[in-house]
Amino acid sequence: MLGNFSVVTEFILVGFSTFPHLQLMFFLLFLLMYLFTLLGNLLIMATVRSERSLHTPMYLFLCALSISEILYTLAITPRLLADLLSTHHTITSMACASQMFFSFTFGFTHSFLLTVMGYDRYVAICHPLRYNVLMSPRGCTCLVVWSWVGGLVMGLVVTTAVFHLTFCGPNEIHHFACHVPPLLKLACGTDVPIVALGVGLVCITALLGCFLLILLSYAFIVAAILRIPSAEGRHKAFSTCASHLTVVVVHYGFASVIYLKPKAPQSLEGDTLMGITYTILTPFLSPIIFSLRNKELKTAMKKTFLSKLYPEKI
């Protein structure tokens, strides 16, 4: 007991139980999006592995990005799908902390990898003669490892800060996952405002820092492309960045909705639906964008997989 309150040891994920008549439709929709996300990322990884022409730093980073997306969705979506078919929505404090840790770890790893991919495009376009030196296999491996280490640190910092607090009731999380804002509303004690401010500043600083580094990379890239004399050369240079730039816009667009929205009164159902954009929609769109907007990857996919299905047409 803590004063007149009992310490909470498990939570109830309210999730989509506020939409009882739509739960089956949500289940089918999210299941299809989840399966497509897994299939799309696995297809990208298989294509890069089998096609020797794609054994370059850009596609190494893309494979690392696909792995982070698969693990990120694995941390959230299976539990969401199970809750949509169940009336038992309780989750232990330890399981809730684990979900938060893995979702933040893989989510921020994704952001750091997008930043690294922006740096790769900057080197390729602005310093092509030094590309093999600056983006050596060892250097690329270090960038990927540090992206994962950065994500791990973010996951540890946020999860430790939030679950260091005391939760003393009520225990209903008005979300489909163990998300920070609804959890902080359930915490009690004088440390809650400090933790809320600290976690918010850490997350926003990391996201904005990555975004500003990507903007800086593209500022140099655009300046370099504009100096290319032929229109065909400019188009070819920009086409190598198109898929990455589109994913960055989608990723940070939805992230800004979650982390930078004004603190205005909003329905709990609205918060739940808004969370879908970042946790399910963004990972769903990413492999589609890279597959359709990247001509080299699209050609390799056709060569690798269509040749096995229709060998006489290739």
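Modeller: Let us start with Met135, which, apart from its neighbours within four places in sequence, is in contact with Pro57, Phe61, Tyr119, Asp120, Val123, Cys140 and Leu143. Please keep in mind that this is a predicted model.

Colleague: What makes Met135 count as buried?

Modeller: Buried means under 20% relative accessible area, and Met135 has a relative accessible area of 4%, so Met135 is buried. This residue lies in the loop between α4 (131–134) and α5 (137–163). Met135 and Met58 are 77 residues apart in sequence, and their C-alpha atoms are 9.5 Å apart in space.

Colleague: Why is the pair Cys96 and Cys178 called a disulfide?

Modeller: The rule asks for a pair of cysteine sulfur atoms within 2.5 Å; the S to S distance of Cys96 and Cys178 is 1.9 Å, and a disulfide therefore joins them. This pair links distant parts of the chain, with Cys96 in helix α3 and Cys178 in the loop between β4 (172–173) and α6 (180–184), 82 residues apart. Both Cys96 and Cys178 are buried, and with -130° about the S-S bond their link is left-handed.

Colleague: How do you know that Cys168 and Cys188 form a disulfide?

Modeller: Their sulfur atoms are 1.8 Å apart, and since the limit is 2.5 Å, the pair meets the rule. Cys168 is in the loop between β3 (166–167) and β4, while Cys188 is in strand β5 (residues 187–188), 20 residues apart, and this pair too links distant parts of the chain. By this rule the count comes to two disulfides.

Colleague: Why is Cys168 called buried, and why is Cys188 called partly exposed?

Modeller: Cys168 has 6% relative accessibility, and because buried means under 20%, Cys168 counts as buried. Cys188 has 26% relative accessibility, which lies between the cut-offs of 20% and 50%, so Cys188 counts as partly exposed. When the bonded cysteines of the protein are numbered in sequence order, the pairing is 1-3, 2-4.

Colleague: How do you know that Cys142 is in no disulfide?

Modeller: The nearest cysteine sulfur, that of Cys140, is 9.3 Å away, whereas a disulfide needs sulfur atoms within 2.5 Å. Cys142 counts as partly exposed because its relative accessibility is 37%. Cys241 is likewise in no disulfide, the nearest cysteine sulfur, that of Cys126, being 8.9 Å away. With a relative accessible area of 0%, Cys241 is buried.

Colleague: How do you know that the span of helix α3 agrees with what we expect?

Modeller: Helix α3 (residues 93–126) has 34 residues, which at 1.5 Å a residue should span 50 Å, and because its end C-alpha atoms are 49 Å apart, the two values agree.

Colleague: Which residues touch the most other members of the largest nonpolar core?

Modeller: Among the 88 residues in that core, Phe11, Phe16, Phe30, Leu183 and Leu297 touch the most other members. Helix α2 (residues 57–84) gives the most to this core, with 14 residues. Leaving aside neighbours within four places in sequence, the contacts of Leu297 include Ile44, Val48, Tyr59 and Phe290.

Colleague: How much of the whole protein counts as buried?

Modeller: Of its 314 residues, 46% count as buried, and the protein exposes about 16,300 Å², of which carbon and sulfur atoms supply 72%.

Notes
Residues numbered from 1 in each chain as written. Predicted model: local features only at pLDDT ≥ 70, side-chain atom pairs only at ≥ 80, totals over all residues. Heavy atoms only, no water. Core = buried A, V, L, I, M, F, W, Y, C linked by side-chain atoms within 4.5 Å. Buried < 20%, exposed > 50% of the residue type's maximum accessible area, 1.4 Å probe, protein only. Helix = DSSP H or I, 4+ residues; strand = E, 2+ residues; numbered from the N terminus. Contact = heavy atoms within 4.5 Å. Expected span 1.5 Å × (residues − 1). Areas by Shrake-Rupley, 256 points an atom, 1.4 Å probe, with all protein chains shown as cover.
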